[in-house]
Amino acid sequence: MYKESNPYQISSTLKMEERCSNCRTKYKIEPSFFYGAMYVSYPVGLFFASIALFLCFFILHLSLLTTFLIIVVEMILVLPIILRLSRNIWINFFLHYKRPLKSEQKA
């Protein structure tokens, strides 16, 4: 789906292929289509932050300030993953991959 498989290649984190290499589905349905992924990135980010909060504050019993700083650092480090994951979730709301039938694969 993405031109660069490494999400931490910052210059090309969100550069996408024009079409799916398998089924030839066009990824960009319309201009600005992926702006909607911002709505998905919020709960995805909350999920990552909640895991860090639970581990640091409730399991390791770190102070609230230390837990907050760890969450901030974690969110910065996982930002490229959150961006890609939210785009993948967003596009799956509208497009569904359908495997070609065996008879279609031979044709």
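## Helix α3 and its length

The model is a predicted one, and α3 covers residues 79–94.

Which residues of α3 are buried? They are Pro80, Ile82, Arg84, Ser86, Arg87, Trp90 and Ile91. These buried residues pack against α1 and α2, and the two partners are taken in turn below.

## Helix α1

Helix α1 runs over residues 37–59. With 23 residues, α1 reaches 32 Å from its first C-alpha to its last, close to the 33 Å expected at 1.5 Å a residue.

Buried in α1 are Ala37, Val40, Val44, Gly45, Ala49, Ala52 and Cys56. The cover over the buried residues of α1 includes α2 and α3.

## Where α1 meets α3

How are α1 and α3 arranged where they pack? Their axes are 8 Å apart, and the packing angle is about 130°. That angle makes α1 oblique to α3, because only angles over 145 degrees count as roughly antiparallel and those from 65 to 115 as roughly perpendicular. The crossing of the pair is right-handed.

On the α1 side, the residues involved are Ala37, Val40, Ser41, Val44, Gly45 and Phe48. They meet Ile81, Ile82, Leu85, Ser86, Arg87, Ile89, Trp90 and Phe93 of α3. Several residues named here are also on the buried lists: Ala37, Val40, Val44 and Gly45 are buried in α1, while Ile82, Ser86, Arg87 and Trp90 are buried in α3.

## Where α2 meets α3

Helix α2 spans residues 64–77. Its axis and that of α3 are 4 Å apart, at an angle of about 55°. This makes α2 oblique to α3 as well.

In this pairing, Met75, Ile76 and Leu77 of α2 meet Leu79, Pro80 and Ile82 of α3. Ile82 also takes part in the meeting of α3 with α1.

## The nonpolar core

The largest nonpolar core has 13 residues. Which of them have the most contacts inside it? They are Met16, Tyr27, Phe33, Phe34, Trp90 and Ile91. The elements that give two or more residues to this core are α1 and α3.

Phe33 gives a view of how the core is joined up. Leaving aside neighbours within four places in sequence, Phe33 is in contact with Tyr27, Trp90, Ile91 and Phe94. Of these, Tyr27, Trp90 and Ile91 are themselves among the core residues with the most contacts.

## The segment before α1

Ser12 is found in the segment before α1. Is Ser12 buried or exposed? At 12% relative accessibility, Ser12 counts as buried, because the cut-off for buried is under 20%. Apart from its neighbours within four places in sequence, Ser12 is in contact with Glu4 and Arg84. Arg84 is one of the buried residues of α3.

Ser32 is found in the segment before α1 too. Its relative accessible area is 45%, so Ser32 is partly exposed.

Most residues other than glycine have a negative phi. Ser32 has a positive phi, near 65°, and is not a glycine. His61 is not a glycine either, and its phi is positive at about 55°.

Where does His61 lie? His61 lies in the loop between α1 and α2, and α1 is followed by this residue. At 64% relative accessibility His61 counts as exposed, whereas Ser32 is partly exposed.

Note on methods. Residues are numbered from 1 along each chain as its sequence is written. This is a predicted model: local features need pLDDT of at least 70, side-chain atom pairs count only at pLDDT 80 or more; totals for chains, interfaces and linings use all residues. Side-chain values use heavy atoms; hydrogens and water are left out. Buried means under 20% relative accessible area, exposed over 50%, partly exposed in between (1.4 Å probe, protein chains only). A nonpolar core is a set of buried Ala, Val, Leu, Ile, Met, Phe, Trp, Tyr and Cys residues joined through side-chain atoms within 4.5 Å. Contact means heavy atoms within 4.5 Å. Axes are lines fitted to C-alpha atoms, for helices over the stretch in contact, and angles run from 0 to 180 degrees between N-to-C directions. Angles under 35 degrees count as roughly parallel, over 145 as roughly antiparallel, 65 to 115 as roughly perpendicular and the rest as oblique. A crossing is left-handed if the near helix is turned anticlockwise from the far one by less than a right angle, and right-handed if clockwise. The expected span of a helix is 1.5 Å times one less than its number of residues.
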